[in-house]
Amino acid sequence: MTDKSLTAHPPRPRNTAGGRGGWLLPTVLVVLSVVPLIAGGVRLTELAGGDVTPGNARFFAAPLPVVLHIFSAALYSVLGAFQFAPRFRRRRPGWHRVAGRILVPCGLVAALSGLWMTLFYARPVGDGDLLAAFRLLFGTAMVVAIASGLAAIRRRDFARHRAWMIRGYAIGLGAGTQVLVHLPWLMFFGMPDELGRALLMGAGWAINLVVAEGVIRRRPAAFSS
């Protein structure tokens, strides 16, 4: 996520819409990551302790992909949130470049390991063909977005780099939004069936991408520094 726009653009008026010091959005993004982080921690504890259950039995034969997925997705979601803190980035001009060199491989590992798990792990109860198709679609889209962002920055096309990286991050943070989408359904209707689960999961990714496109289309005073 290398970005020389600190020197490519003149100073802009201070943007206070993101909360004090521009920390509101990064805080929301970190909070959105909390439930998936907890779930990943529980999964790792089960694997380390050999605690086989019907929900995790499929991971024990080949634990490496799920371990890589949990660690890479956790680092990607939390570290990536700080890329949306404009004042933090202005005070640490080298942060964006250094963090980007970590975020790109983490994002690719998270997406590719997710694709592997979709293709080769046995499906848990409640996961059908439609959800598998969504996972393959959005996982592939995440890889394409990150690769496109990397290609754009090598051409020094900062606007397209920013746009593609925001899209990739939005997809990567889908698990957090999926939790929020499921909660009202569970409260009012109970456990969704196979189709309902697929649609709710798809809605989580779709919501994130709609929000991302809204951010991209604003003049990025808060995110191009």
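User: Before we start, what should I know about the model and the numbering?

Analyst: Glad you asked: it is a predicted model, where local features need pLDDT of at least 70 and side-chain atom pairs count only at pLDDT 80 or more, while totals for chains, interfaces and linings use all residues. Residues are numbered from 1 along each chain as its sequence is written, and side-chain values use heavy atoms, with hydrogens and water left out.

User: What makes up the fold, helices or strands?

Analyst: The chain has 10 helices and zero strands. Both terms refer to DSSP runs numbered from the N terminus: H or I over at least four residues for helices, E over at least two for strands.

User: What makes a residue of H4 buried?

Analyst: Buried means under 20% relative accessible area, with exposed over 50% and partly exposed in between, using a 1.4 Å probe and protein chains only. In H4, the buried residues include Pro65, Val66, Ile70 and Tyr76. Across the 225 residues of the chain, 42% count as buried.

User: Why are H4 and H8 called oblique?

Analyst: Their axes are 10 Å apart and the packing angle is about 130°. Axes are lines fitted to C-alpha atoms, for helices over the stretch in contact, and angles run from 0 to 180 degrees between N-to-C directions. Under 35 degrees counts as roughly parallel, over 145 as roughly antiparallel, 65 to 115 as roughly perpendicular and the rest as oblique. H4 and H8 are therefore oblique to each other.

User: Which residues meet there?

Analyst: Tyr76, Ser77, Gly80 and Ala81 of H4 meet Met165, Gly168, Tyr169 and Gly172 of H8, where contact means heavy atoms within 4.5 Å. These residues divide into four nonpolar, four polar and no charged. Ala, Val, Leu, Ile, Met, Phe, Trp, Tyr, Cys and Pro count as nonpolar, Asp, Glu, Lys and Arg as charged, and the others, Gly among them, as polar.

User: And how do H2 and H9 cross?

Analyst: Their axes come within 8 Å and cross at roughly 85°, which makes H2 roughly perpendicular to H9. Leu32, Val35 and Pro36 of H2 make the contact with Ala175, Gly176, Thr177, Val179 and Leu180 of H9.
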